[in-house]
Amino acid sequence: MSLSWVREGQGLVGWGCAARLDTSGADRFTDADAWWRQLCGHIDVDDAVGLPGCGPVAFTSLAFADRPGDSVLVLPEVITGERDGVRWITTIGDAPEPDLEPVRQPGTVSYSDGRLSSTAYRQAVTEAVRLMRESGGELRKVVLAHDLVANTSEPLDERFLLHNLAARYANCWTFAVDGLVGATPELLLERRGYEVRSRVLAGTAWPHPGRTDDEIAAELLDSAKNRSEHAYAAESLAEKLRPFCSELSVPTSPSVLRLRNVLHLATDVEGKLADTPDGSGLLHLAEAVHPTAAVGGTPTEDAVPLISELEGMDRGRYAGPVGWIDGAGNGELGIALRCGQIEQQSTAGAGSGGARGGRVRLFAGGGIVPDSEPDLEVAEVEAKLLPVREALEGVR
Ligand SMILES: C=C(O[C@H]1C=CC=C(C(=O)O)[C@@H]1O)C(=O)O
């Protein structure tokens, strides 16, 4: 099992499992926080480096919804880290040897509908638009997603996916936690002592033949539909984070983040915590802000129940917080986007009938507002599925 959180060649990679928590339900954040604090209280740490991410670190991935969905924290036996030119290695107990097997290719990849096909997704979008228009302005945004299943002819090696994602999406956070693998451009929260940071994304455009990226970026910035989608997401994060902060800086207009497959409206939020560490450990803060309107909707309490009704699928840990936390409550949590859940690494072995391939469920979603056009929303999620599809296919 790979454990990873890497951006621009920096971050953390872990292997082995010294301790693990599986939890679920509405208390998943408090369970995770309590377990982690208690565990850290029992570990004698010898840390000569002293940076965030040194000492014991748990990789975590939490379910999007209160239910269904399982959440996990893993304390690896070995963690290697790199930040600002400093490299370190942390071992817990008798560290195992790293997995030095060569990276395996997944062979040919074929796709089949997941629980919500593109056609069903289009219908769900149409229904969301109808409900929003009929709500007379009450329901303003719902983020809907669909899934796609990829089957590989050879066993699935997570490292193959990670390597390809990191090569093509270096400015995203490439992650792997308990079989959820992806490269997210969205940072839910980073906490470093008193400092907190978030990168809120919402509002999307994608490359079109005959148009330059500059033209597309200018149109995105000018689009009232995308600006409103974005404003809901940025406001939801700021509103929930503000009570924890003595200072919070939220730019009044978004910038454009350019990725290979899509362009997004982006707002980088920065704050200073009023109180640290007990009331504002990273998991506690994440519980307060999740789900932002980048993956939930507006108002949250109406949008979130509607998501499960309209999608009719279990998002699992897609769109939930993913990343790492250290013993001081510092860490980085992204929103698990542009990712796939590995459901089967290999069918080789007893009872497999000779088949040897893997299976991964890919997810992508988009913010729906009253003036969303269903066909464009379908095109948007197809563009957002590209990173994992191309990584699986080994497209250079
Ligand atoms: C929900 C997803 O994207 C979110 C993040 C950026 C832009 C989004 C949008 O424009 O709809 C979404 O809010 C996803 O990639 O599955």
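This is a predicted model: local features need pLDDT of at least 70, side-chain atom pairs count only at pLDDT 80 or more; totals for chains, interfaces and linings use all residues.
At what angle do the axes of helix H2 (residues 118-134) and H8 cross, and within what distance do they come?

1. **Helices H2 and H8.** The axes of H2 and H8 cross at roughly 130 degrees and come within 9 Å. The two helices are therefore oblique to each other, and H2 passes H8 in a right-handed crossing. On the H2 side the contact is made by Ser118, Tyr121, Arg122, Val125 and Thr126, and on the H8 side by Pro374, Glu377, Val378 and Val381. By class, the contact of H2 with H8 has five nonpolar, two polar and two charged residues.

2. **Helices H3 and H8.** Helix H8 (residues 374-393) also packs with helix H3 (residues 158-168), at an angle of about 125 degrees and with the axes 8 Å apart. H3 and H8 are therefore oblique to each other, and their crossing is right-handed. Leu161, Asn164, Leu165 and Arg168 are the H3 residues that meet Pro387, Glu390, Ala391 and Leu392 in H8. Sorted by class, the contact of H3 with H8 has five nonpolar residues, one polar and two charged.

3. **Helices H1 and H6.** Helix H1 (residues 28-41) and helix H6 (residues 282-289) have axes that come within 9 Å and cross at roughly 175 degrees. Angles over 145 degrees count as roughly antiparallel, and H1 is therefore roughly antiparallel to H6. The contact is made by Phe29, Ala32 and Asp33 of H1 together with Leu283, His284, Ala286 and Glu287 of H6. These residues divide into four nonpolar, one polar and two charged.

4. **Surroundings of the ligand.** The ligand is surrounded by 18 residues, of which the closest are Leu201, Thr204, Gly365, Gly366 and Gly367. Strand E9 (141-152), strand E13 (195-205) and strand E21 (359-368) are the elements that give two or more residues to this shell. The shell around the ligand has eight nonpolar, six polar and four charged residues by class.

5. Is Ala303 buried or exposed? With 25 other C-beta atoms within 10 Å, Ala303 is buried, because the cut-off for a buried residue is 20 or more such atoms. Ala303 has its place in helix H7. Leaving aside neighbours within four places in sequence, Ala303 is in contact with Leu139, Lys141, Val142, Gly296, Gly297 and Thr298.

6. **Leu221 in helix H4.** Leu221 lies in helix H4 (residues 213-222). This residue has 18 other C-beta atoms within 10 Å and is therefore partly exposed. The C-alpha atoms of Leu221 and Gly203 are separated by 9.0 Å, and the two residues are 18 residues apart along the chain.

7. **Cis peptide bonds.** Most peptide bonds are trans. The bond from Arg67 to Pro68, however, is cis, with omega near -5 degrees. Pro68 lies in the loop between strand E4 (57-61) and strand E5 (70-75). The peptide bond from Thr298 to Pro299 is also cis, with omega near -10 degrees. Pro299 is placed in the loop between strand E17 (297-298) and helix H7 (300-311). Thr298 is also among the residues in contact with Ala303.

8. Most residues other than glycine have a negative phi. Glu8 is not a glycine, yet its phi is positive, at about 50 degrees. Where does Glu8 lie? Its position is in the loop between strand E1 (3-7) and strand E2 (10-15). With 11 C-beta neighbours inside 10 Å, Glu8 counts as exposed, because the limit for an exposed residue is 12 or fewer. Asp84, likewise not a glycine, has a positive phi of about 50 degrees. Asp84 lies in the loop between strand E6 (78-83) and strand E7 (86-91). Asp84 has 6 C-beta neighbours inside 10 Å and therefore counts as exposed.

Key: Residues are numbered from 1 along each chain as its sequence is written. Axes are lines fitted to C-alpha atoms, for helices over the stretch in contact, and angles run from 0 to 180 degrees between N-to-C directions. Helices (H or I, at least four residues) and strands (E, at least two) are DSSP runs, numbered from the N terminus. Angles under 35 degrees count as roughly parallel, over 145 as roughly antiparallel, 65 to 115 as roughly perpendicular and the rest as oblique. A crossing is left-handed if the near helix is turned anticlockwise from the far one by less than a right angle, and right-handed if clockwise. Two residues are in contact if their C-beta atoms, placed from the backbone, lie within 7 Å. Ala, Val, Leu, Ile, Met, Phe, Trp, Tyr, Cys and Pro count as nonpolar, Asp, Glu, Lys and Arg as charged, and the others, Gly among them, as polar. A residue is near a molecule or strand if its C-beta atom, placed from the backbone, lies within 6 Å of it.
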